[in-house]
Amino acid sequence: MALLELDDVTVRYGGLTAVAGVSLSLDPGEVRAIIGPNGAGKTTLFNAITGHAMLAAGSIRFRAERIDGLAPYLVSAKGVRRTFQNGGLFGELTALENVLAGLHTQVPTGFFGVLFGMPAARATERAATSRARGLLELMGIGHLADKPARELSGGQQRMVEIVRALATRPPLLLLDEPAVGLAPAVREQLLGVIRRLVREEGIAVVLIEHAIEFVMTVSDRIVVLNDGKVIADGTPAEVPRNREVLEAYLGH
Amino acid sequence: MPGAAPVSVVRVPTLGRWVFLLVPLLVLPVPFLVNRYIQYVLNLILVYVLVGVGFNIVIGNLGQLAFANVALFGLGAYASGILVVHAGWPWWTTIVPAGLIGALAGILASLPALRRIRLFYLAIMTMAFGELLRWIYIRAEPLTNGSMGLAVPPPVLLGLRLSSDRSKFYVFLVLVVVVVLLTSSLLRSRFGRAFMAIRDNELAAAAMGIPTDRYFVLAFAWSGFVVGVAGAMYTALVGHVTPEAFNLLELILHFAVVMVGGLASLAGSVIGAIVLTTTPELFRSFPGVQELVLSFVIIGVLLFLPRGLVSLLARRWSVFHERYYRE
C-alpha cells in the first residue's frame, strides 16, 4: 500500500495555478526527489501536503487517510514532518530546545500539572530533554545542543532542523532543499544520514533539490515538475534522457 | 562534524528556582527599615512586577505587538473594586476573580490575532480596546462612579484589615512570588516553548504539531490573569480607582517596564519594575524633571542594552542566565 498518494492536486494563488493536477504515489521507505526550474511549484506542493496551502482541487491521502484540508499541526501529528527552504529553526531557542519543540506532541504534560510543577510533569519534561539530547548526539551534533540556533552555521542549522523533524520518528519526511549551500563534506554526511534513516527506520523521504548529483545518488525515483505539472517520473537513469525534461531545463 | 573532537557540554548554571525563595526572604526585613513613603513605593514596585511579567508573556515570549495590557490592568482593578464596594466581598476573595476577568479580556484581545491580524494592525486594535474600556469606566457610573473614580475601603484578608502599607507589602510579596513561580513553570514547559516557537517561526511551529491558535489564546489568557491580579493589588494599594489611571501614558510605562528590564525575561520584568517605579519618585521634588529623567533612562538603556538591564547582569553573573532568555 502506498504511504502517500496525491491525486490531481491543484493549488491556485489568485489567478496563478502554482500546482496543476499533480498525481503521484510514494511507498514506505522510498526516497523521491522533486526537481524542476524555479517557480515550478515544488515548495507549493510541499505546502499542499503539510496543510500550509489549500487545495483548489484533488485529494491527498496519507496511509489511506485523507489529509487535505487538515490544519498543518494535525498533518504533522499524523506523521508528516518537514524542513523549510529558508531555514525553519526557532532562532532564539537552542538546538536542544528546537528539538524539544519538535517533540511537542510527545511531551504530554497538562496545563495544571506544569503550572504546579507536579512530579509527573517534571519527569515527562526530563525524559523528553534527555531524548532530545540523545537525538542530537546520534547525529553527531551533541556539542551544539546548548547553542542558540541563530548562532549556528548554515550547515549546522540544516542538521538541527532535520533532527527536529525526525524527533517523532515520522513515517514521512519532506526536505526542502536540504543540500543547498552545504560544503561537500557536510553534504556527504547528510547523504549518510538520509540513507541511514531509510535503511534503519524505514522512513520515506521526499526532497526538493537543485544539486543534481546529490539527487542522482540519493533518490530511488525522481519527479520533474514544470509549470506546476509533472513532466517526468522515473528512475535516476531514465529521467535525464527524457525529452521534455531536457527542453524544460535547456529551453529547446 | 565528522572528525571533530567531541566537545564536552558545559552547562551554564541558570537562574535556579531557589531565587524565588531567596529573594523574597532577603526583602522580608525591609519594611522595618524604611519609612511609610518608601514602603508605598516598594508596594507599587510589587504591583508593577506583575504588570511587567504579564505583559512580557505576550510581547516577549509570544512576540506579538499586542498592547491591551492597560485594559487588562484596569479591568482587574475595577473588578476588584466593584466586587468590594458593590458586592461587599472581602478584598482577598476578589484576587482570583480579577485575574479571571483579566484572562477573559486577554482572550478577547487575542481574537484579532487569530484572524491573522498582526503587527501594526494588532497594535492599534489592542490600544483602541484600552481606550474603549476607559470610555466605559467613565460611562458605567452606577458601577464605577464615572470619572470621579471608585473609592475602595482598605483591603481585608481573612477578616484582617490591611490598613498599613507594611501589611499590604507582605500580602503582595506572597502574591508576586506565587504568580511569578507559576509563570516560570509555565514558560519552562512545552507550553512556554510553544509560545517562543510561534514567535520565532509560526509556520514551522505548526509543522511541529503545535496547535498555534490554541497557544496564542493561552498566552494571552495567562498574561491577562497575571495583569488582572496586579490590578486587584493596585486597588488594594491606592484605594481609589479612576479611569485616568489607565490611559495611554500608563501603557507606555508598562511597555517601558518590559523593554528596560528585558524582553522575555522574568528577572528583567522585576528589574524594569524597580527602575521605572523608583526613577520618577527619586525626582519627585524637582517638578518637570521627572518625565525628562524617565525618558532619558528609557532611551539610554535601550540604546546601549537592547535586551534590557538584565543583559548587563546576565553578562556578568551566569546565575542571571534564564533558560529562555537570550542576550
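Colleague: In β9(A), which residue is the bridge partner of A:A33?
Modeller: This is a predicted model. Strand β3 (residues 31-35) of chain A pairs with strand β9 (residues 221-226) of chain A in the parallel sense, over 4 bridges. One position in this pairing sets A:I35 opposite A:V224. For A:A33, the bridge partner in β9(A) is A:I222.

Colleague: In what order do the strands of the open sheet of 6 strands in chain A stand?
Modeller: The pairing in this sheet is mixed, and the twist from one strand to the next averages 20°. β6 (80-82) and β10 (229-234) of chain A each have a single partner strand, so each stands at an edge with one side left without a neighbour in the sheet. The order is β6-β7-β8-β3-β9-β10.

Colleague: Which residue in the turn of the hairpin of β9(A) and β10(A) has a positive phi?
Modeller: β9(A) and β10(A) pair in the antiparallel sense over 5 bridges, and A:L225 has A:V230 as its bridge partner in β10(A). The hairpin leaves 2 residues between the strands. The residue in the turn with a positive phi, of about 50°, is A:D227.

Colleague: At about what angle to β7(A) does α1(A) run?
Modeller: Helix α1(A) lies across β3, β6, β7 (172-176), β8 (204-208) and β9 of chain A. Relative to β7(A), the helix runs at about 150°.

Colleague: Which strands of chain A stand at the edges of the open sheet of 4 strands, and why is one side of each left without a neighbour?
Modeller: The strand order in this sheet is β2-β1-β4-β5 (chain A), and the pairing is antiparallel. Strand β4 (residues 57-62) of chain A and β5(A) pair over 2 bridges, with A:F62 opposite A:E65. An edge strand has a single partner strand, so one side is left without a neighbour in the sheet; the edge strands here are β2 (16-26) and β5 (65-66) of chain A.

Colleague: Which helix gives the most to the side of domain 1 of chain A that touches domain 2 of chain A?
Modeller: The domain assignment gives domain 1 (4-89 + 154-250) and domain 2 (90-151) in chain A, and their centres, taken over C-alpha atoms, are separated by 27 Å. In the contact, 12 residues of domain 1 of chain A meet 16 residues of domain 2 of chain A. The domain 1 side has 8 nonpolar, 3 polar and 1 charged residues. With 7 residues, the helix that gives the most to this side is α6 (residues 154-166) of chain A.

Colleague: Which element gives the most to the side of chain B that touches chain A?
Modeller: The contact takes 27 residues from chain B and 32 residues from chain A. By class, the chain B side has 17 nonpolar, 5 polar and 5 charged residues. The elements of chain B that give two or more residues to this side are α7, α8 (190-200) and α9 (202-207). The one that gives the most, with 7 residues, is α8(B).

Colleague: Are α2(B) and α7(B) roughly parallel or roughly antiparallel to each other?
Modeller: The axes of helix α2 (residues 36-61) of chain B and helix α7 (residues 165-188) of chain B come within 10 Å and cross at roughly 15°. The crossing is left-handed, and the contact residues divide into 13 nonpolar, 4 polar and 4 charged. Angles under 35 degrees count as roughly parallel. The two helices are therefore roughly parallel.

Colleague: Is the crossing of α2(B) and α12(B) left-handed or right-handed?
Modeller: The axes of α2(B) and helix α12 (residues 266-282) of chain B come within 8 Å and cross at roughly 135°; the helices are therefore oblique to each other. Residues of α2(B) in this contact include B:V49 and B:V53, and those of α12(B) include B:G272 and B:A273. The contact residues divide into 11 nonpolar, 6 polar and 1 charged. The crossing is right-handed.

Terms used
Residues numbered from 1 in each chain as written. Chains lettered and ligands numbered in written order. Predicted model: local features only at pLDDT ≥ 70, side-chain atom pairs only at ≥ 80, totals over all residues. Axes fitted to C-alpha atoms, helices over the stretch in contact; angles between N-to-C directions. Parallel < 35°, antiparallel > 145°, perpendicular 65-115°, else oblique. Left-handed = near helix turned anticlockwise from the far one by under 90°. Nonpolar A, V, L, I, M, F, W, Y, C, P; charged D, E, K, R; others polar. Domains from an automatic or database assignment. Contact = placed C-beta atoms within 7 Å. Pairing = 2+ DSSP bridges.
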